[in-house]
Amino acid sequence: SEDHNKFNDNSIIMTQWKVTDYVPGEDRPGAMYVASGFLNSKKNQSTEEFVTKDLKIKELPIVNYPENVDFHPHGSYILDRELYVINHAYDKGGERIDVFDIIATSSDIPKRLVFKHSITSEWMKKEFNGILNSLVVVEPNKFYVTQYKGQPDSFVDDQMVSHETKALIEFLKARFLGTRNCHIWYCEYNSDEVNCRKVASHFTSANGLTHNKDYSKIFIADQKDIVIFDRDASTNDLSGRIELKAPHFIDNVKYDQTTEKVYGGTINNLMSVLKHKFPDESDELISGAVEISQNNDGKWEAKEVLSTSKLHCVSNGLRMHNHLVLGAGGIGYEGILVCPVVSDDRK
């Protein structure tokens with residue numbers, strides 16, 4: 001999966017997204033999944049026993065979705081039992097944020113999504129085509145969103161250069177030439193009208209986005225930086241930029257209400273990703289998770305809490321009780337990786 005969101009203490013909702021192997025004019029299939037049973041992970045059992053006996057993963061049916069619109073979900077956010085999903089529908093619907101009601105079972109596990117409306121406009125379809133990544137919804141239909149590529153995607157059928165090659169060229173330009181032309185946007189949707197404005201700029205690739213407990217802090221993953229802003233709730237402006245160095249490339253980041261810390265998935269070895277998209281497990285630590293928190297002096301710190309050889313190109317790391325749940329949806333991995341949290345005194 002590409003992105004995870006905690007629905008409650010027992011379940012998470014996940015997006016299935018794949019950026020590779022795009023062919024102009026073809027459908028861009030995507031889906032939403034629910035993983036549940038995490039309350040059972042508190043039992044005195046091994047992670048393998050929990051995954052085998054208690055963890056359940058199911059695809060979520062989507063009801064009333066508009067015809068002739070592709071569903072290719074990327075980042076997502078849950079607010080008041082509504083799910084907001086960034087959808088790269090390209091030439092079959094354009095860039096949009098789809099909003100769903102989450103319908104749950106009697107035991108409060110999501111069982112289906114009911115489409116409510118889409119947040120989009122001709123301006124969004126032109127200026128944001130394929131480049132929105134992650135979002136934080138602060139009020140219904142009011143949200144921050146990251147732009148992780150400097151220019152909108154253009155999928156002209158080019159037999160000489162593949163979409164993946166174009167994406168790689170843009171990534172290398174940003175990484176090695178220091179290009180910083182990505183932004184954070186604040187948007188409001190009202191009566192079929194979307195109004196967006198830049199609230200932060202000068203990012204190499206603004207990727208994951210999250211917040212603290214009271215939404216007074218906003219966190220952005222920007223390759224090997226975690227950028228932290230103060231948020232003014234009255235104006236939704238961002239100020240007081242702090243850049244925190246991280247040990248590896250960070251993708252999505254998520255706030256955990258239980259620990260009051262932020263967790264993110266990391267890519268530890270970029271060259272191995274470029275050479276071998278689906279490598280066999282080896283001794284090489286190719287991905288992991290990072291934890292962001294304040295120390296006793298109030299200083300922000302980012303530390304590695306997990307390294308693994310079992311999953312390549314990790315895009316998210318969500319804390320669920322005594323486990324970290326990781327996924328790597330962007331390159332097409334199916335399933336998730338569940339790892340035990342190791343306390344500091346056991347490391």
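**Disulfide and aromatic contacts**

The count comes to one disulfide, defined as a pair of cysteine sulfur atoms within 2.5 Å. The model is predicted: local features need pLDDT of at least 70, side-chain atom pairs count only at pLDDT 80 or more, and totals for chains, interfaces and linings use all residues. Residues are numbered from 1 along each chain as its sequence is written, and side-chain values use heavy atoms, with hydrogens and water left out.

The disulfide joins cysteine 187 to cysteine 196, at an S to S distance of 2.2 Å. The link is right-handed, with 115 degrees about the S-S bond. Cysteine 187 is buried, at 1% relative accessible area (buried is under 20%, exposed over 50%, partly exposed in between; 1.4 Å probe, protein chains only).

Twelve aromatic pairs are found in the whole structure. Rings of Phe, Tyr and Trp (its six-membered ring) pair if their centres lie within 6.5 Å; planes under 30 degrees apart are stacked, over 60 edge-to-face, the rest tilted. Tyrosine 65 and phenylalanine 71 pair edge-to-face, 5.5 Å centre to centre and 65 degrees between the planes. Both tyrosine 65 and phenylalanine 71 are buried. Phenylalanine 100 and phenylalanine 115 have ring centres 5.9 Å apart and planes at 70 degrees, so this pair is edge-to-face. Phenylalanine 100 is buried at 0% relative accessible area, and phenylalanine 115 at 16%. Tyr65, Phe71, Phe100 and Phe115 form one aromatic cluster.

A charge contact involves another ring. The charged end of arginine 241 sits over phenylalanine 203, 4.5 Å from the ring centre. The criterion is NZ of Lys or CZ of Arg within 6 Å of the ring centre and within 35 degrees of the ring normal.
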